[in-house]
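Keep the sequence and the structure in view while reading.

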Amino acid sequence: MRILITGAQGQLAGEFRHQLEKSSVHQLTALTRAQLNITDAPMVADALSRFRPEVVINCAAYNHVDNAEKDFDTALRVNAVGVRNLAAACRKNNALMVHYSTDYVFDGTKEEFYTEEDQPHPISKYGESKLAGERVLADEMDNFLLFRVSWVFGPGTQNFLYKLSEWAKKNAALKVVCDQISVPTYTADIVNGTMAALEKGLRGIYHLTNSGYASRYEVARYYFEKLGLSTMLLPVDSDYFPSPAKRPYFSAMSNAKLSALLEYTIPDWQDAVDRFIRATREK
């Protein structure tokens with residue numbers, strides 16, 4: 001396939017590049033924001049006209065959850081207007097569009113796994129902007145794959161595990177919230193699931209997460225134990241760290257629908273963390 005990836009400098013795009021650039025199976029073009037600003041409709045149209053991709057994987061996103069509360073216009077421009085621009089250009093060029101949303105489109109009140117059939121109800125401006133992106137994608141075209149992901153981690157600095165490692169270097173004890181629960185999801189497994197879905201010819205909305213669920217505190221405990229760190233971890237409520245944006249209490253999503261269609265079980269989040277640590281140590 002001829003694949004075009006947006007947001008080439010992000011952690012998810014980096015994993016796609018890591019896995020696909022060493023393969024001769026696909027023709028890959030990865031563009032940075034400077035090379036392709038998805039909020040610029042003429043720029044998007046020109047890029048798709050020049051590169052003629054069969055698949056566009058949109059890894060460009062506004063992910064600053066708290067900043068979105070005061071800068072909603074920017075969040076909406078990237079997460080919705082940018083998606084509309086890509087979808088319109090994909091439709092014109094007969095390209096499949098792959099896009100990623102978030103568990104934050106849900107309010108966290110269900111207290112069991114969210115499925116693709118549940119109605120979104122975001123409680124933050126960030127969640128609103130991502131839901132708007134979902135809706136404009138579905139309005140613009142039918143030829144799409146939309147994956148909701150959660151608590152994404154991988155190589156890079158924009159994830160919870162990296163921040164934990166940095167905080168541990170400076171503190172003998174850390175307080176970590178215990179009342180936010182979801183599914184840590186490894187970029188390697190997102191890439192694997194995406195490529196498998198493309199090979200199966202899937203279309204529509206799916207939840208693409210690792211299996212299981214955990215609180216931020218449980219993730220930190222597991223991660224530090226595997227690293228052999230002696231840093232003390234203390235559970236606290238979210239109110240201990242006041243923030244502009246509300247986070248869902250329990251936003252874990254079920255990957256059962258996608259797993260059944262792909263005919264394999266997506267690994268548990270603990271297994272994903274183990275593999276991430278091994279990969280980090282091997283570098």
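## A polar contact at N79

A polar contact is a pair of N or O atoms within 3.5 Å; within protein, one of the two must be able to donate a hydrogen and the other to accept it. The model shown here is predicted. In this model, the backbone nitrogen of Y62 lies 2.9 Å from a polar atom of the N79 side chain.

N79 belongs to helix α4, which covers residues 72–92. Is N79 buried or exposed? Its relative accessible area is 2%, and because buried means under 20%, N79 counts as buried. Setting aside neighbours within four places in sequence, N79 is in contact with A61, Y62, Y126, S129, K130 and G133.

With a relative accessible area of 39%, R77 is partly exposed. When neighbours within four places in sequence are left aside, the contacts of R77 are T39 and G82.

How far apart in space are R77 and I123? Their C-alpha atoms are 19 Å apart, and 46 residues separate R77 from I123 in sequence.

## Helix α2 against helix α4

Two packed helices are described by the angle between their axes and the distance between the axes. Helix α2, residues 41–51, packs with α4 at an angle of about 35 degrees, and their axes are 9 Å apart. The crossing of α2 and α4 is right-handed.

Which residues make this contact? From α2 come A41, V44, A45 and L48, and they meet N85, L86, A89 and C90 in α4. By class, the contact of α2 with α4 has seven nonpolar residues, one polar and no charged.

## Helix α6 against helix α8

Helix α6 spans residues 160–170 and helix α8 spans residues 216–227. The axes of α6 and α8 come within 11 Å and cross at roughly 65 degrees. The crossing of α6 and α8 is right-handed.

On the α6 side, the contact is made by F160, L161, L164, S165 and A168. On the α8 side, these meet R216, V219, A220, Y223, F224 and L227. The residues of the contact of α6 with α8 divide into nine nonpolar, one polar and one charged.

## Two residues with positive phi

Most residues other than glycine have a negative phi. N94 is not a glycine, yet it has a positive phi of about 60 degrees. N94 is found in the loop between α4 and β4, the latter being residues 96–102. The relative accessibility of N94 is 68%, so N94 counts as exposed.

E111 is not a glycine either, and it has a positive phi of about 65 degrees. E111 sits in the loop between β4 and α5, where α5 is residues 125–140. E111 is exposed, with a relative accessible area of 60%.

## Cysteines

How many disulfides does the structure hold? The number is zero. A disulfide needs two cysteine sulfur atoms within 2.5 Å.

C59 is buried, with a relative accessible area of 15%. C178 has a relative accessible area of 29% and is partly exposed.

Conventions
Residues numbered from 1 in each chain as written. Predicted model: local features only at pLDDT ≥ 70, side-chain atom pairs only at ≥ 80, totals over all residues. Heavy atoms only, no water. Axes fitted to C-alpha atoms, helices over the stretch in contact; angles between N-to-C directions. Helix = DSSP H or I, 4+ residues; strand = E, 2+ residues; numbered from the N terminus. Left-handed = near helix turned anticlockwise from the far one by under 90°. Contact = heavy atoms within 4.5 Å. Nonpolar A, V, L, I, M, F, W, Y, C, P; charged D, E, K, R; others polar. Buried < 20%, exposed > 50% of the residue type's maximum accessible area, 1.4 Å probe, protein only.
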